[in-house]
Structures are given as structure tokens and as C-alpha cells.
Amino acid sequence: MREMVIHLNLFAIALAGAIAGFFASRFGGLWTPDQIWTAATIPVAVALAVSMLRDMLAGRFGVDAIALVAMLASIAMGEPLAGVVVAMMYSGGNLLEDYARGKAERELRSLRDRTPRIAHRQEAGGLVDIAAGDVAAGDELLVRAGELLPVDGELLDVRAQLDESAVTGEPLPETKTRGAALRSGTVNAGEAFRYRASAAAHESTYAGIIRMVEAAQTAKAPFIRMADRFALLLLPATLIVAGLAWWLSGDPIRALAVLVVATPCPLILAAPVAFIGGVSRAARSGILMKGSSAIEALGQVRTAIFDKTGTLTEGGARLIALDTAPGVEAGDILRLVASLEQASHHVLAETLVALARQKALPLSAPTAVREYRGSGLEGVVEGRHVRAGSRRLVLGYGPLPPWATSAGTSGDMAAALAVFIAVEGQPVAFLAMADAVRPDAAATLQRLNAAGVSRILMVTGDDAGTAKAVAAQLAINEVRADCSPADKVAAVAAEQARQPTVMIGDGLNDAPALAAANVGVAMGARGATASSEAADVVILVDRIDRVAEAVSIAQRTRAIALQSIVVGLGLSGIAMVFAAFGYIPPVAGAFLQQGIDIAVIINALRTLVGPLQPGRPGVAARTPRIAGEV
């Protein structure tokens, strides 16, 4: 903010001086136009000299020196009008850069400004308002309508409606049911509800996001560092061209014109503005890039390695098949088995109960429950004996019923867990539970292929049969199963030896591979985990298609930054040639160069808008909706 005020004041001085000089040339006055223009140029030149000295003491040297030399040479050679135009346009360019950076960083800054500060904790004497930083795991909290959740936790009430758009980018509120994991930074979009804190504020999701945002704002991409190094060559090159123009023509004004048109804004502004814009654009889609370096690397990947569970698949059991005997209603069976499963601690029990509640099926309390470890359970529900479990537990050694068609299908059932159900001793239903492939996984891999990712692998700790069953549904080039964390790191290293590689995963066991890859992308929707800390990019929404969108944003950002630099410097180079041959006088050159600078900054700001559809230039990308999504 302080720098913006300084640049604004300097621009106002230069602009006022330029205008006053023109009036003095027409109406006269105590000062001549040249004196006024000189006086308006000096404050900008002094401020620039101080800034350069500060940078040099910090070990940095930029090409702002060209602008300083141009202003001083203009005054020395009796062309103060050119000097004040350079001063006006240079300070105006800095002002425009301040605006561009502010606009690009607004999305990230809004996250930081929304940090929850107050929590309502339930204590023996009632509700007590405390600072969010004082919340401890296990505290029972109340969240009123419209309030932010201060910490991560578990829902205690029957249901709650949350607006997660600030964290995930998803615009529509989501309904959570009892026991659901809640994340800090989301907004209560419904009635007040109670939940139990599972982490302190500094360990919660939103605090992790803020840390990543701060890293994103300070990190510097290799591409930008390369531009800085290249900029060091521009000053001596400009001085050589200017000297040759003077020597060959004998006219020092030509040398001044060359200096004036060589202002290096395409280098010092284009890359930073473009990359900050890319980070901001990604944040709006629930994609957190940890700085410009993440975009730089992601824009060059040619191999993608995916974990399976929780990445390409949903990471939890889902009902994929339900066959019932003739005359038996599927809803009635699901209600009975879910009622029975309420008494079980099996991993599938929660899924079946949640599915029944989602369908608004009334559940009853089971009695006389007996659980067969690893096989199933039985009990009495509404006066009827219900048994659910393995084929041997329910059917014994008998044949499959003819209506159990899914149970006889080997392909889709290879990775599924079969559950047979009998009521009053009669087999009545078969259901299959599996970690299903994400609905958007196939489209995501297609988009990656279209974006130039030529090789896609899946590495997983699961057995080969399960891995191949998932891979058969997707366009995957190679599958590696039974992988330990060390095996995943080895797979990443082998692929990196061929071409730039991105690793996508979500679990603790993926963290080493995420850190080892050129770019690590963590599916962090379930909370801040070790994988999120190790990754360069974090997908905050539980959607795998954001991986393809992140690649598209990175590629487009890098292309726009490079385009801005090449075109800007190319136009400046052409202008330098024309100035050296005397076709562009200093004043006209100053206006021409600053027009180029403005065009470069505006072009760099295009990274703030949506990426292009891979393989289809000029067509805005639109994330495909999943079946069932509103």
C-alpha cells in the first residue's frame, strides 16, 4: 500500500510537470518549459536511484537502470520533454503494476481475511465466547447461522448445511449428516448446529490453507528467476546499441531515443503478474498452487502417476449392485439390512446405514444381534430374523439363486465385497460394495492426454486383481500394484528420468512420492494431511477433474508469461532499431514504449480468467458436471 502511494505521488508529479510545461510554452511564466520538465523528472529519477541502491545492497540488480539512464540523458542532452515522458510512463507503469498485483492477489487475500476468530464453546454454565485459537480438540462448539466454522470437527446434530465455496470453490451448499467431518473456514448456510472439535485452530484445514497461501505469495518461479537473469543482459545490450547509433550517425539524440524505447517492463512486470494471476485463477476453482514454481513445473509435465484409493477411486465403499428375489422390494431389503448393520463396527456398516438415511428409509433398532467376525452378522429386525454376510454364512454350500445375476459376473465384481442377505432363513437379496471409480476419472484422463500428458500410470498398495479391475475402466498405460511408499518413490524416479512427472495422491503413504516428483498434487479435500504438506498443489474440493484443470491453468499461465515477454521484448527491439536509424524521436519513443508496456501487462492479466480447453485454442474450458450434480 505504501509503495502504491509513493508511485501515485510520483506519477502525479510527472504528469503535472508535463502539463505545466506545455502551458508554459504557450503562455509563458517564471520558468521555461524545459526547467519545468526537468524539475518534474528529477523526483522520479531520485526515487528510482534510491530503489536501485537498496536492491543492490540486497544483492539484486535489475534493468530499471535503463529508465534512470534515459531520464538523466534526456536532461543532459537538452531533451527534458522526453525525460518527463519517461518519468511519467515509468511511474505510471509501476502504478499499473501495483494495481495488477492487487487485482491478482485479491482472491488469495480474501481467504486470509476470512480467518475465523470467535468460537462458541459449550461449558457447564452454558455457551461461552472464546478466541478461535483457544479451542482444543474435544470441545463442543455451537455454530450459528451465517457463521464461520473456527476449527475442524465432527457434526453432532442430525444434519447441517454448509457453504464450502471459499475453501473448495464449489458454489452450492452441501448437506452434512451426523458424524460427518467438517472443515474450518466453511460457512453455516442453514440453522445453528453443534459439533465437536477434532483439532486446534492452528492444526485445522483453514490454517493450513493460509500457510500455503502465504507460501504462494512469496515463492518465485524458476521462469521468473530466468527472466531476471536475462534482464541483466538487456542493460549492456541497450548501451551498446545506443553507442553504435551515436557513433555511426554522430547524433547523440539517436542514442537517447534508443534508451527511451528500451524500458524493460515486459521482463520486470509480465512474468510476476502472469504467475500471480494463475495462482489466483486456480484458487477460485479450489486448487491451491504453492507459489509460482508450482505453476511453472506443472505446466511442463508429460507423465502423470495416480494413486488408486481415494484418488482415482472414491476412497470408500459404495453400493454397486443390488439383486433381489422375485417379489422382494429393494428398498425394504436395504432398510432391514441397514437397521441390522447399526449394531456392527464393520467398515461397510456405516456406508449402508448412511445410504438408507440418504434415501429417507426409516430404520429400526435390531435385537439379539450376533456378529461372525469376518463373515457377517444376524439379528432380529421388526420381528424378522435377518442374516447378512458372506456367501458361505448365508447360503452354506448351496448354489447361487438364479436371480443373483450380479454375483455371477466376474468382471465388475472382481474388486467388490459380496454381501448376501437372508430373511427368515430364505435368501432374498445380494448386494456388492466396492471402492468405485470416480465418475469424473475417465474424463480427467482424457483431458490430460489432450493437454499433452502422454503417459499415465497407476501405482497402488492394493493387490494386482483389484488394481487391474480399476485400470480396465480407465485409459491407463501401466499399472503397478502391491507398492509400498518406497516403491512409489522408485516409480516416480524412473518416470522422471524420461520426462517431467506429476504425482497425484491423497494418503499418508503418498507423501514421499509427492515430495519426490517434479510436481506433487494432493487430493486434500478430506483435511490437511501429510500429503497436503508434501505436495506442491492441493485440490481442496473432492473432484479429480480439478487435476486436469490445474494442468490447463498452469500451461496457459506459462504460455501467457512467455508470450508477454517475447512479444514485449520483440517490439522493443524493433523500436530500438528504428530509433537507432533516426525514425523515432525520443518523445515519440517514450510514448511508444509505454504503450507496449501497458499492452504486456494487460495480456499478462488474462491468466485471471478461465483456461482454454486443451487441444482447442480459443475455446473456454468448462468443467464437465457429474451425473447427479446440481
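Helix α2 has a buried side made up of P33, I36, W37, T38, A40, T41, V44, A45, L48 and M52, where buried means under 20% relative accessible area, exposed means over 50%, and partly exposed lies in between (1.4 Å probe, protein chains only). In an α-helix there are 3.6 residues a turn, so residues three or four places apart point the same way. The 25 residues of α2 (residues 33-57) should span 36 Å at 1.5 Å a residue, and its end C-alpha atoms are 37 Å apart, which agrees. That expected span is 1.5 Å times one less than the number of residues.

Before going on, a word about the model. It is predicted, so local features need pLDDT of at least 70 and side-chain atom pairs count only at pLDDT 80 or more, while totals for chains, interfaces and linings use all residues. Residues are numbered from 1 along each chain as its sequence is written, and side-chain values use heavy atoms, with hydrogens and water left out.

Now for the overall picture. The protein has 22 helices and 22 strands; these are DSSP runs numbered from the N terminus, with helices (H or I) of at least four residues and strands (E) of at least two. Of its 630 residues, 50% count as buried. Among contacts (heavy atoms within 4.5 Å) with a separation of 6 or more, 68% are between residues 24 or more positions apart.

What does W37 of helix α2 pair with? Its partner is F22, in an edge-to-face aromatic pair with 5.5 Å centre to centre and 65 degrees between the planes. Rings of Phe, Tyr and Trp (its six-membered ring) pair if their centres lie within 6.5 Å; planes under 30 degrees apart count as stacked, over 60 as edge-to-face and the rest as tilted. F22 belongs to helix α1 (residues 2-27), 15 residues from W37. Another pair joins F193 and Y195, whose centres are 6.1 Å apart with planes at 55 degrees, so this one is tilted. The whole structure holds four aromatic pairs.

| Residue | Relative accessible area | Class |
|---|---|---|
| F22 | 47% | partly exposed |
| W37 | 8% | buried |
| F193 | 1% | buried |
| Y195 | 0% | buried |

Next come the nonpolar cores, which are sets of buried Ala, Val, Leu, Ile, Met, Phe, Trp, Tyr and Cys residues joined through side-chain atoms within 4.5 Å. The largest has 94 residues, and M289, L298, F306, I504 and V537 touch the most other members. Helix α21 (residues 545-580) gives this core its largest share, 13 residues. Beyond its neighbours within four places in sequence, L298 is in contact with M289, V502, V519, V537, A550, V551 and A554. A separate core of 22 residues includes V337, V381, A429 and M433.

T607 follows helix α22 (586-604) in the chain, and at 3% relative accessibility it counts as buried. A polar atom of the T607 side chain lies 3.0 Å from the backbone oxygen of A274, and the T607 side chain also reaches the backbone oxygen of A604 at 3.0 Å.

Finally, look at two loops. A360, between α14 (347-358) and β13 (367-372), has a positive phi near 60 degrees although it is not glycine, and it is exposed at 63% relative accessible area. E382, in the loop between β14 (376-381) and β15 (384-389), has a positive phi near 55 degrees and is partly exposed at 41%.

Notes
A polar contact is a pair of N or O atoms within 3.5 Å; within protein, one must be able to donate a hydrogen and the other to accept it, and residues adjacent in sequence count only if both atoms are side-chain atoms.
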